[in-house]
Amino acid sequence: MSSTDIVGPQALPELQAKVERIIAEARRQGATASEVSVSVEQGLSTSVRQREVETVEFNRDEGFGITLYLGQRKGSASTSASGDAAIQETVAAALAIARHASEDEAAGLADAALMARELPELDLYHPWAITPERAIELALDCEAHAFDTDTRIRNADGTSVSTHQGCRVYGNSHGFVGGYASTRHSLSCVMIAEADGQMQRDYWYDVNRQGELLGAPAYIGRRAAERAVSRLGARPVPTCEVPVLFAAELATGLFSHFLAAVSGGNLYRKSSFLEGALGERLFPEWLTLDERPHIPRAMASASFDGDGLATYAKPFVANGELVSYVLGTYSGRKLGMPSTANAGGVHNLFVSHGEEDQKALLKRMGRGLLVTELMGQGLNLVTGDYSRGAGGYWVENGEIQFPVQEVTIAGNLRDMFRQIVAVGSDLELRSNIRTGSVLIEKMTVAGS
Amino acid sequence: MTTMLHRVSEHLLSPGGLSLDALPALLGELAGPGIDAADLYFHDQISESWVLEDGIVKDGSFNLDQGVGVRALSGEKTGFAYSNAITAAALGAAARAARSIARAGQEGRVQAFSSPDVPRLYALDNPLDVLDRAQKVELLKRIDVATRALDPRIKQVTVSLAGVWERILVAALDGSLGADIRPLVRFNVSVIVEQNGRRERGSHGGGGRTDYRFFLDSVGLEDRATGYAREALRQALVNLEAIPAPAGTLPVVLGSGWSGVLLHEAVGHGLEGDFNRKGSSAYSGRMGERVASSLCTIVDDGTLADRRGSLSIDDEGTPTHCTTLIENGVLKGYMQDKLNARLMGVAPTGNGRRESYAHLPMPRMTNTYMLAGESDPEEIIRSVKKGIYCASLGGGQVDITSGKFVFSTSEAYLIEDGKLGAPVKGATLIGNGPEVMNKVSMVGNDLALDSGVGTCGKDGQSVPVGVGQPTLKIDGITVGGTGA
């Protein structure tokens with residue numbers, strides 16, 4: 001693949017024209033309204049293991065999807081095929097579905113008056129001019145540092161460097177069309193430590209819009225190795241009820257469960273334990289959760305949502321109180337509320353935090369469990385009941401004593417949210433959700 | 001040439017001006033110094049889904065995806081590229097990218113093609129076409145009405161119908177040439193019930209490599225789809241009465257069928273060839289050793305007719321097998337794709353699977369289950385003084401290196417003095433694969449396979465799988481509840 005056909009902003013006019021062609025075809029075939037998303041993506045992934053190249057993968061994906069309406073009836077279709085015939089057939093397939101779907105009074109595009117007018121430039125496109133050979137060198141360097149960290153690192157489970165660039169354009173029959181080019185680069189390292197007949201695996205990674213800003217290979221390799229080694233000798237603890245500190249990289253999960261529970265789809269389906277909770281104090285008074293969708297270069301920034309509405313900064317939780325649900329046009333109509341421009345999700349969620357880092361939070365916790373690994377999907381969103389496999393470290397007098405594995409942690413999310421004691425200053429910067437470590441007053445730890 | 005090969009190649013190759021005769025030359029572009037193996041994987045997939053909620057069929061979707069994956073292997077190295085276009089020009093570009101990993105060495109040669117003669121495990125026809133759109137919509141509406149009529153406590157019903165039709169053609173430097181046409185259908189009913197301000201969900205479904213008529217077949221007095229609705233409601237009502245599950249290490253009895261998720265996580269993944277070649281599995285280097293109680297015999301069987309996890313040939317063209325993984329507690333075999341089989345010096349077992357042309361094949365499970373034992377399931381429950389009976393499970397996960405695995409219950413009960421007691425809320429159970437399998441102390445005579453709903457994820461790739469087991473007892477495993 002030559003650099004001349006690299007996917008970038010220069011592809012946007014062509015994709016925009018394609019969106020317009022598909023919308024015109026939908027109109028020609030009889031659709032009363034339609035919305036279309038077209039994308040093209042290209043990338044390279046390389047992985048090494050045990051000082052040897054393992055894979056070199058090139059990807060290039062194209063495709064489009066259309067949702068169209070016949071009055072209040074709706075049908076969708078998508079394809080990776082290209083050409084006019086594919087457009088005609090895909091529109092026809094969506095139309096055939098719409099003809100058989102039921103009338104749905106909530107169906108349809110967002111109001112034309114609500115379409116985003118100004119699309120701020122978010123600076124999401126930073127191609128990384130890296131050859132496969134150079135990507136392999138970086139990965140080998142990262143793994144070498146991991147092996148050098150500790151003699152108990154005896155095996156590896158893959159170190160990879162990947163770079164992706166893509167373009168996406170959304171448009172609808174109101175005449176809205178918006179698009180952007182973006183990039184995503186990552187370096188990840190998985191190492192295996194071995195001692196006394198026990199093997200433990202752990203990882204570290206970084207991801208960034210700009211390849212040059214990725215964490216240094218030496219740092220990522222060393223961190224992966226240190227994490228794997230520190231788990232050697234892990235064992236269960238007896239069943240108990242103690243405070244639990246979620247490391248920042250896992251604490252993101254707690255807030256993503258919260259977002260799911262206040263998202264319109266789960267609310268109108270009566271599938272959330274937070275149905276009807278608008279206005280309730282769910283978190284401690286000092287806690288705020290706000291969305292900031294326009295941060296330049298951030299991983300989840302977007303100027304418009306999945307319905308073409310302009311995204312905007314706002315709190316979901318202020319002073320501990322739920323002040324807004326997470327709504328798109330459809331779920332908003334089902335609930336009799338305006339969209340919050342979150343069709344397709346939340347763009348950069350910030351969790352308010354204090355001054356203490358993870359070490360200080362361990363001191364504050366005194367005796368309890370620091371969780372650095374979660375396993376399984378043990379969450380019932382209808383009731384908020386939470387029960388997951390966990391691993392981490394046992395803490396006494398604010399100090400780590402020994403690694404823990406094969407335990408579960410359980411509680412109810414409603415209680416867990418209320419019982420957040422502190423959020424640390426050790427922010428997880430790689431995720432859509434920016435939080436520090438989260439200390440929860442009390443959970444049931446089940447073990448030996 | 002088999003009719004299957006003819007039919008699939010006409011469909012996948014002809015539109016782009018290619019034919020089977022052109023494949024040796026295309027593979028020749030991949031062959032060269034240092035290339036040990038290479039293959040071309042042509043694939044197309046049409047899929048649809050229909051969803052009913054709030055009593056109306058809100059949306060349906062249709063997808064067509066097609067392309068070709070090009071892979072070259074040199075020692076342990078793999079080069080891979082793919083294209084949505086199935087043309088000579090696109091294949092040439094992908095081949096040049098894929099073979100960039102080659103080291104210096106022997107010149108590879110394209111072997112003469114030979115196609116395995118395999119029994120056909122599923123029908124050739126498009127499973128999406130057996131009902132027309134009006135009939136599909138009618139089916140969803142009928143099941144919605146029937147479900148709501150079952151109980152006034154039902155507040156929400158979601159019914160979904162989905163079908164996939166895949167055609168694949170794989171041609172490899174080693175001479176394998178295979179084609180397959182694969183149907184897959186799925187039906188699901190989910191309900192929300194409410195009583196005294198408390199809400200719960202129940203969900204059930206099934207499917208397989210068959211067509212939509214499967215859901216209309218009579219099972220007892222009603223069709224299969226109505227049976228799913230009844231079962232979803234039953235589970236939801238049980239959970240309305242559930243008390244907190246206990247926390248701690250307890251004896252656990254797992255019901256037959258879908259509870260085989262236990263084996264998929266505790267044993268299956270750890271016996272995939274790639275992890276064992278790399279020495280990263282808790283089962284690495286333990287061939288011939290005792291890794292489970294002597295009551296356990298576990299197989300992976302891709303050859304069962306119409307099952308969700310079955311394949312006539314895998315995605316590398318190897319016919320599937322029934323592979324004995326563990327026999328009377330002793331480790332007997334790993335599941336292999338071509339790459340790992342070659343590097344470990346054994347034969348591939350027909351477990352080389354990939355999500356699509358855009359993904360690399362890996363060793364994956366098909367239908368994984370434990371053979372029946374001798375105990376009466378009732379007697380197994382009677383043998384437990386205080387423990388948990390898990391009638392149905394949700395999903396699971398495993399860390400193959402440490403052997404730790406989890407699964408969560410979706411319908412479970414206390415066992416007190418050998419009798420089933422109150423239902424308990426969903427909880428995660430955690431254990432270590434080899435340790436837990438050694439604690440299997442009773443195995444029932446009631447082997448059952450799941451209803452056809454399993455999807456397995458590995459390295460970001462999803463493939464349909466089956467699981468199964470008889471009722472079995474584990475003497476002690478950690479139960480993650482909040483109660484005493």
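Asp417(B) is found in chain B of this predicted model, in the loop that runs between β17 (404–416) and β18 (419–424). Its phi is near 50°, a positive value in a residue other than glycine, and with a relative accessible area of 53% Asp417(B) is exposed. A second residue of chain B, Asp459(B), likewise has a phi near 50°, which is positive although the residue is not glycine. Asp459(B) is placed in the loop between β22 (454–458) and β23 (461–469) of chain B, and its relative accessible area of 69% makes it exposed. As background, most residues other than glycine have a negative phi.

A loop residue of chain A gives another picture. Thr435(A) is found between β17 (433–434) and β18 (438–446) of chain A, and at a relative accessible area of 0% Thr435(A) is buried. When neighbours within four places in sequence are left aside, the residues in contact with Thr435(A) include Ala248(A), Ala251(A), Thr252(A) and Phe255(A), and also Val351(A), Val423(A) and Asp426(A).

The next topic is the meeting of the two chains. In the interface, 71 residues of chain B are in contact with 65 residues of chain A. Together the two chains bury about 5,500 Å² between them, and 50% of that area is on carbon and sulfur atoms. On the side of chain B, the residues that lose the most area to chain A are Tyr82(B), Arg199(B) and Lys404(B), which together make up 11% of what that side buries. Lys404(B) also forms a salt bridge with Glu373(A), in which the closest N and O atoms are 3.9 Å apart. Across the interface of chain B and chain A there are eight salt bridges, and 37 residue pairs are in polar contact, counting pairs with both residues at pLDDT 80 or more. Among the elements of chain B, strand β2 (residues 56–74) gives the most to the side that touches chain A, with eleven residues.

Aromatic rings form a further theme, with 18 aromatic pairs over all chains. In one of them, Tyr268(A) and Tyr330(A) are edge-to-face, with 5.8 Å from centre to centre and 70° between the planes. Tyr268(A) belongs to helix α6 (residues 264–268) and Tyr330(A) to helix α7 (residues 329–335), both of chain A, so the pair ties together parts that are 62 residues apart in sequence. Tyr268(A) counts as buried at 10% relative accessibility, whereas Tyr330(A), at 21%, counts as partly exposed. In chain B, the rings of Phe80(B) and Tyr82(B) have centres 5.9 Å apart and planes at 40°, so this pair is tilted. Phe80(B) is buried, with a relative accessible area of 0%, and Tyr82(B), which counts as buried at 7% relative accessibility, is also one of the residues named above for the area lost to chain A. Chain A also holds an aromatic cluster formed by Tyr170(A), Phe176(A), Tyr180(A) and Phe304(A).

| Charged residue | Ring | Distance from ring centre |
|---|---|---|
| Arg292(A) | Phe350(A) | 3.9 Å |
| Arg354(B) | Tyr41(B) | 4.1 Å |

In chain A, then, the charged end of Arg292(A) sits over the ring of Phe350(A), while in chain B the charged end of Arg354(B) sits over the ring of Tyr41(B).

Note on methods
Residues numbered from 1 in each chain as written. Chains lettered and ligands numbered in written order. Predicted model: local features only at pLDDT ≥ 70, side-chain atom pairs only at ≥ 80, totals over all residues. Heavy atoms only, no water. Phe/Tyr/Trp six-rings, centres within 6.5 Å; stacked < 30°, edge-to-face > 60°. Helix = DSSP H or I, 4+ residues; strand = E, 2+ residues; numbered from the N terminus. Buried < 20%, exposed > 50% of the residue type's maximum accessible area, 1.4 Å probe, protein only. Lys NZ or Arg CZ within 6 Å of the ring centre and 35° of its normal. Contact = heavy atoms within 4.5 Å. Buried area = accessible area lost by both parts, 1.4 Å probe. Salt bridge = Lys/Arg side-chain N within 4 Å of Asp/Glu carboxyl O. Polar contact = N/O pair within 3.5 Å; in protein donor to acceptor, adjacent residues only side chain to side chain.
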